[in-house]
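Let's take a walk through a protein model together. Keep the picture beside you as you read.

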Amino acid sequence: MPNPFPGMDPYLEHPAHWPDFHATFINYWREALRAALPGHYTARIGERVYLREAPPGTRRLISPDVAVERQPGPPAPAPARSSAAATLEPVTVPLIMPEEARETYIEILHRPDRSLVAVLEMLSPANKEEPGRSDYLVKRNALVRQNVHLVEIDLLLGGQRLPLREALPDGNYYAFVSRAERRPDCGVYAWPLPQALPPIPIPLRPPDDDVFIDLGAVFATAFERGDYAREIDYGLPPPVRVPDELLMWIGTRLPPAPPSV
């Protein structure tokens with residue numbers, strides 16, 4: 001079954017689908033870039049690791065780095081207890097163990113010195129909600145102080161939008177193209193859920209012109225290769241809050257429910 005929507009599928013925001021979709025989209029975005037870039041550029045996938053506190057009530061098993069194996073032999077004698085001091089019994093209390101979250105992004109490098117030209121990000125729920133949002137914004141703010149272009153796409157209805165000095169244009173999804181030489185100004189592309197993902201410019205180093213990448217084509221390839229239509233249960237409500245005026249439209253796009261037995 002193909003994607004039932006002309007553009008982004010809001011059902012992909014489910015936590016069971018998003019991490020895999022994010023990695024798949026980044027991979028095919030990089031492939032589209034490599035086909036379009038001039039020969040003196042290359043595109044590489046980078047990865048960052050976040051450590052965040054696990055949700056309450058969850059437990060994780062941690063494997064030790066070193067295991068000490070006891071050799072066979074007679075049991076060790078029990079330590080003698082002093083009659084002058086009482087032995088305390090410990091109370092078992094679990095530690096707070098951070099979860100490890102991995103995210104990929106794209107770097108465009110200039111050959112032959114491999115200097116960094118641009119960073120391309122696809123926002124995840126962890127970038128749009130605390131505590132991960134603050135971590136992402138710290139890294140983002142450090143990057144925009146450098147002579148490096150930054151391109152960010154937000155294909156999520158949920159979470160907080162990126163902070164800007166003025167209100168965003170109307171839309172459900174966004175692409176932000178921050179050119180190093182034009183900051184603090186940023187080009188913002190906005191489009192609604194019923195519209196296909198647009199082509200966006202990827203700035204390079206002067207005198208080279210922008211390359212345009214069709215996000216809609218990248219999305220279609222990622223959706224098909226990821227086989228998400230077979231994984232998603234379209235009989236359920238969307239996993240994220242959708243504007244009321246779009247809920248009815250979503251219903252018209254979904255396949256009919258199978259007849260009850």
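First, some ground rules. This is a predicted model, where local features need pLDDT of at least 70 and side-chain atom pairs count only at pLDDT 80 or more, while totals for chains, interfaces and linings use all residues. Residues are numbered from 1 along each chain as its sequence is written, and side-chain values use heavy atoms, with hydrogens and water left out.

So how confident is the predictor? The chain has an average pLDDT (the predictor's confidence in each residue, from 0 to 100) of 87, and 82% of the residues score at least 70. Over residues 55-71, though, the pLDDT is below 50, and this stretch has seven contacts (heavy atoms within 4.5 Å) in the model beyond near neighbours in sequence.

Now for the helix pair. Helices (H or I, at least four residues) and strands (E, at least two) are DSSP runs, numbered from the N terminus. Helix 1 (residues 18-36) packs with helix 4 (residues 215-226) at an angle of about 130 degrees, and their axes are 9 Å apart. Axes here are lines fitted to C-alpha atoms, for helices over the stretch in contact, and angles run from 0 to 180 degrees between N-to-C directions. That angle makes helix 1 oblique to helix 4; angles under 35 degrees count as roughly parallel, over 145 as roughly antiparallel, 65 to 115 as roughly perpendicular and the rest as oblique. Which residues meet? From helix 1 come F21, T24, F25, Y28, W29 and A32, and from helix 4 come L215, V218, F219, T221, A222 and R225.

Next, charges. Side chains of opposite charge can pair when their charged atoms come close. The whole structure has eight salt bridges (a side-chain nitrogen of Lys or Arg within 4 Å of a carboxyl oxygen of Asp or Glu). One of them links E121 with R48, with the closest N and O atoms 2.5 Å apart. E121 sits in strand 3 (residues 115-122) and R48 in strand 1 (residues 41-53), so this pair ties together parts that are 73 residues apart in sequence.

R114 is another one to find: it isn't a glycine, yet its phi is positive, about 60 degrees. Look for R114 in the loop between strand 2 (98-110) and strand 3.

Last stop: G158, in the loop between strand 4 (149-154) and strand 5. G158 is 148 residues from P10 in sequence, and their C-alpha atoms are 9.6 Å apart in space.
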